[in-house]
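I opened my notebook today to look up a few things in one structure. Here is what I was looking at, followed by my entries.

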Amino acid sequence: MVSSFSTLTSRIDFTTPALTLAVLPSIVLNLMLASVFGATLREGETPLIVGIAEFDQGALQPKFERYLRGLTQAWAIFFVAMAALSLVLMLYAPFEWWSLFVNVLTWPLIGAMFVVEWVVR
């Protein structure tokens, strides 16, 4: 795992401050959001979306609570995937593709997650 990470990062030209400043925030932000959702999935923790729903609605039905736990997992996976795709595009695609993904497609993809969740619910 460490060797594959070092292989990936060896392709990054960290000597170009503009590239580093442009790329790292999107990756770091997505990983931070994934960790916020993911940390609440540990044993003994209340999943983030379950906690929000309990605050709003009080006690939840066990079936709905399981669904919300899965939804919390889905958001954690989504943000990890967004960070990974940002990194892959930065490493292997033209800068313009990375920029399109981060600056244009990120918000519609987040919106799509909300729409898909609403349809599934």
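**Entry 1: Phe79**

I started with Phe79, which I found in helix α4. A helix here is a DSSP run of H or I with at least four residues, a strand is a run of E with at least two, and both are numbered from the N terminus. Before going on, I noted that this is a predicted model, where local features need pLDDT of at least 70, side-chain atom pairs count only at pLDDT 80 or more, and totals for chains, interfaces and linings use all residues. I also noted that residues are numbered from 1 along each chain as its sequence is written, and that side-chain values use heavy atoms, with hydrogens and water left out.

Is Phe79 buried or exposed? I looked it up: Phe79 counts as buried because its relative accessibility is 6%. Buried means under 20% relative accessible area, exposed means over 50%, and partly exposed lies in between (1.4 Å probe, protein chains only).

Which residues does Phe79 touch, if I skip those up to four places away in sequence? I listed Asn30, Leu33, Ala34 and Phe37. Contact means heavy atoms within 4.5 Å. Leu33 is 46 residues from Phe79 along the chain, yet I read 6.5 Å between their C-alpha atoms.

**Entry 2: the whole chain**

Next I stepped back. I counted five helices and zero strands, so my sketch of the elements from the N terminus reads α-α-α-α-α. The chain has 121 residues, and 30% of them count as buried. I then took the contacts with a separation of 6 or more: residues 24 or more positions apart account for 58% of them.

**Entry 3: the core**

I went looking for the largest nonpolar core and found 25 residues in it. Such a core is a set of buried Ala, Val, Leu, Ile, Met, Phe, Trp, Tyr and Cys residues joined through side-chain atoms within 4.5 Å. Phe37, Ile49, Leu68, Trp75, Phe78, Phe79 and Trp98 have the most contacts inside this core. Which elements give two or more residues to the core? They are α2 (17-39), α3 (48-57), α4 (62-92) and α5 (95-120). The largest share, eleven residues, comes from α4.

Apart from neighbours within four places in sequence, Leu68 is in contact with Ile49, Val50, Ala53 and Leu60.

**Entry 4: α3 against α4**

How do the axes of α3 and α4 cross? They come within 7 Å and cross at roughly 135°. Axes are lines fitted to C-alpha atoms, for helices over the stretch in contact, and angles run from 0 to 180 degrees between N-to-C directions. That angle makes α3 oblique to α4. For angles, under 35 degrees is roughly parallel, over 145 roughly antiparallel, 65 to 115 roughly perpendicular, and the rest oblique.

From α3, the contact uses Leu48, Ile49, Val50, Ala53, Glu54 and Gln57. From α4, the contact uses Phe64, Glu65, Leu68, Arg69, Leu71, Thr72 and Trp75. Sorted by class, I got eight nonpolar, two polar and three charged residues. Here Ala, Val, Leu, Ile, Met, Phe, Trp, Tyr, Cys and Pro count as nonpolar, Asp, Glu, Lys and Arg as charged, and the others, Gly among them, as polar.

**Entry 5: Glu117**

I ended with Glu117, in helix α5. Is Glu117 buried or exposed? Glu117 is buried, with a relative accessible area of 11%. Leaving out residues up to four places away in sequence, Glu117 touches Tyr67 and Leu71.

I found a polar contact of 2.6 Å between the side chains of Glu117 and Tyr67. Another, of 2.8 Å, joins the side chains of Glu117 and Arg121. A polar contact is a pair of N or O atoms within 3.5 Å; within protein, one must be able to donate a hydrogen and the other to accept it, and residues adjacent in sequence count only if both atoms are side-chain atoms.
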